[in-house]
Amino acid sequence: MAAFERFEGVSDVRLKPRILRNLLSEHVPHEKQPLSNPLSLSKVVSSIQTHRLLSESSTETTEQKLIEKWKSVVDDWVDRLLTLVSSNLPDKSWAGICLMGVTCQECSSDRFFTSYSVWFDTMLSHIRNPGGSRIVRVASCTSISDLLTRLARFPHAKKDAVSHASKLIQPIIKLLDEDASEALWEGALHLLCTIVIFFPAALYSNYDKVEAAIASKIFCGKTSDNMLKKLSHFLALLPKAKGDEGSWSLMMQKLLISANMHLNNFFQGLEEETKGKQAISLLVQPGKESPPPLGGSNGVLNDASVESEQLIVSRVSAIMFCCSTMLTSSYKTKVNIPIRSILFLIERVLSVNGSLPRAMSPFMTAIQQELVCAELPTLHSSALDLLLTTIKSIRSQFLPHAASVIRLVTSYFRKCSLPELRIKLYSITKTLLISMGVGMAMHLAQEVVTNATADLTICAEGCDALSSKNPKPSNEMVLRGNSKKRKANTGIDITPHNDAIEVAVPDNHPSSPLSLKIAALEALETLLTIGGAFGSESWRANIDSLLMAAASNACNSGWADAYSTRFLPSESILGPVEFQLASLRALLASLLSPSRLRPAFLAEGLELFRIGKLQSEMEVAEFCAHALLSLEVLIHPRALPLDDLPSLTNRYPEGQRRNLLTSNKTNGIGNGMTDHPFLDEDDDLCNRWLETDDITSNTENQRAAETTVSLPEIKKLKLGENVPTVVYENVQDDVAMVEPENVQEDVPESTERARGHASDETATILEGDSAEIENAEIQHVDSSHQRDRPVKNSLMDAMALAKEKTGEEARDDSDDDSIPSLQAEDYLSSSESEHESNA
């Protein structure tokens, strides 16, 4: 009995050959055993990829015996697969080819490089066999694609890889021409795309043949829409086979000419005949020959067929999709995009709405017009996709053509009514705003606002009530009038039940689908983010109220929960959640967008986000938490906004600026905001922002004025026999008043002489007593009547105000001459001062 072998775990190398041996014996059939269960191959592939059973990876500590054992098992695996691939039974051959593709991806580099040529030739024989099974040929195309993808990782084998890939072109062309199976076409296209991406030189000699084969499948009229997109995708990649600018430009020229030629037949009688000639003149310069048609002689339309309108629309849509892929795919060299021709094609399609021009005689019957109108939405959708792709591909370089695009978008907005097309229009608008910024926002703002307001279908009564100062209560209203009290109800009525979310709309206004509402909300969000500051006077207030109402309506009937509707179709699951998120994002953009006024619905928005943060839907709760964090700066502003404030350096010299800064540090910037030295008198933003701080500012000014004159200053006066009593009162103008007692009535002969004498004496006193200077420093008194009035000395100012009150001396208008006139004998001499101090 063999000894029991213990393994270290799932990653033990000794387990890998054992697992591979079990899979080979139990699930992979041999030559005499039929394939009992094809679904078992999925388990084999999953085990190989999970445990890397074919990697043959080893470390220095791996025993040589174990390495040889693993190699032997992989050899048996490859031999079994080659036997199955060469089998005459389709099911066994299909199983072997499928597992061979997985082997090409998972085997070691040494084994692949030494065996890929044999594997390639074995699978190529099935593609070349016209009488072979379709399922085997499809599997061969897929597995060879995997082989070429792995071979592209070996740079030194590039020449041999191109030689192998060249052997596939002719068999694939024959396969496309002979077989009518879309599954086989899909496999062949997948293999051709791999060759173009990794080994484009293999297609160089057969470039025109491949183009003709693909174009014939596009124009045959027997392919599905999904297959048409795949054919168009490969046709857009085909210029990469040559890699030069001429190949890309020629392919784009062929596509645009082919689209316009097909539209000549489709729009006959619905547009002017000169449209087709004008389109061709933009593509082909005068004096030059027109390029050969796309696909040679293929694509000739039989106008008498009943399905001619459907064929034209399918072909033009496929061509437009091909142009879009060419614009978005990377290319080796820089190319010139024919923007004018592309825009003309788009405008030509969108300008036709199915109505017969009155100036032209009718060239079609009513049945033909009916068929055209039935196919126009599909054609318009393809044109809008091409316009969106064109804007995304060139972004800001689209600026020279911005005027024509704005005209095109605005005109189509007014006549487009289908929700699917309007959603694409909103997407185009978002791309234009993001690509070109504020300039585009100023031109498209009114159009976006008008259409988004109509598509959101908020009831007119609710919106009018939101925009008015005194809204009336109504059952359809979501927001009620805001109270000035902080503890009042926020006005948001949100009931926590799980009924279907539906916006209240008037009976005569049809409700828009949720997808259209989401597109409108996203367009408004982008508009507010890009150019919200430029709509304050025209549309900003209405949009803010509209978005507040939309968000409240979205959450009014209960917060959406994706888990509670998990058994419903996917559209029903994601619709309410996405709609609530879109409305909340738009509301946040409304609150954060720059404006001269504080957000009108800040309190309601905060309450809505606070409630949403507590909901069970994680995506909604996460966004609401993010919104509350973003709105924190509006709730507790750290400082005044610094927009449009004059520079301190430009308005004040260096010395005066230093004094102002010192005064601000002493008195506080908040004392008298109307006299702030750094703000203009007519700054409405500052006044509105700080209108609630008036009472605080006045109180602080009064408190600053309540000071007392120091005793040494009073002792230095000698006005008659009595010393005046200085009293400071809290008056309206926040100034100090003086009540004189027995003040001398002698008026000096010259005010100017006395004022100059007093200045000299004051300077002498200040030089002799530095301790008393601290009580007489210059202060900056804030006043609503005089800005930046310097007060030299509180005592001197008191004397001046006393003389104004008694009428004994007229005050000069200059702020610099506020020092009162004093006589020489008003001051004590040094001897008298010493005598009084001794006494």
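Which side chain meets that of Arg348 in a salt bridge? The partner is Glu271, with 2.7 Å from N to O. This briefing concerns a predicted model, in which the chain has 839 residues, 43% of them buried. The points below begin with the chain as a whole and then turn to particular residues.

**The chain as a whole**

- The chain contains 34 helices and 4 strands.
- Of the contacts between residues at least 6 apart in sequence, 74% join residues that are at least 24 apart.

**Salt bridges**

- The count of salt bridges comes to 12.
- In the bridge between Arg348 and Glu271, the two residues come from distant parts of the chain, 77 residues apart. Arg348 belongs to helix α15 (residues 339-350), whereas Glu271 lies in the loop between α12 (245-266) and α13 (274-283). Both Arg348 and Glu271 are buried.
- Asp75 and Arg111 form another salt bridge, in which the closest N and O atoms are 2.7 Å apart. This pair also links distant parts of the chain, since Asp75 is in helix α3 (residues 64-85) and Arg111 is in helix α5, 36 residues apart.

**Aromatic rings**

- A search of the whole structure finds 9 aromatic pairs. One of them is formed by Phe112 and Phe154, whose rings are stacked, at 5.8 Å centre to centre and with 15° between the planes.
- Phe112 and Phe154 are 42 residues apart and belong to distant parts of the chain. Phe112 is in helix α5 (residues 109-128), while Phe154 is in the loop between α6 (134-151) and α7 (158-166).
- Are these two residues buried or exposed? Phe112 is buried because its relative accessible area is 0%, and Phe154 is buried because its relative accessible area is 12%.
- Phe112 and Phe154 belong to one aromatic cluster together with Phe113, Tyr116 and Trp119.

**Charges over rings**

- The charged end of Lys242 sits over the ring of Tyr207, at 4.4 Å from the ring centre.
- The charged end of Lys229 sits over the ring of Phe321, at 5.9 Å from the ring centre.

**Cysteines**

- How many disulfides does the structure hold? The number is 0.
- A disulfide is a covalent bond between the sulfur atoms of two cysteines.
- Cys323 is buried, at 1% relative accessibility. Cys220, in contrast, is partly exposed, at 31% relative accessibility.

**A buried serine**

- Ser145 is found in helix α6. Ser145 counts as buried because its relative accessible area is 2%.
- Which residues are in contact with Ser145, leaving aside its neighbours within four places in sequence? They are His190, Leu191 and Thr194.

Note on methods: Residues are numbered from 1 along each chain as its sequence is written. This is a predicted model: local features need pLDDT of at least 70, side-chain atom pairs count only at pLDDT 80 or more; totals for chains, interfaces and linings use all residues. Side-chain values use heavy atoms; hydrogens and water are left out. A disulfide is a pair of cysteine sulfur atoms within 2.5 Å. Buried means under 20% relative accessible area, exposed over 50%, partly exposed in between (1.4 Å probe, protein chains only). Rings of Phe, Tyr and Trp (its six-membered ring) pair if their centres lie within 6.5 Å; planes under 30 degrees apart count as stacked, over 60 as edge-to-face and the rest as tilted. A charge sits over a ring if NZ of Lys or CZ of Arg is within 6 Å of the ring centre and within 35 degrees of the ring normal. Contact means heavy atoms within 4.5 Å. A salt bridge is a side-chain nitrogen of Lys or Arg within 4 Å of a carboxyl oxygen of Asp or Glu.
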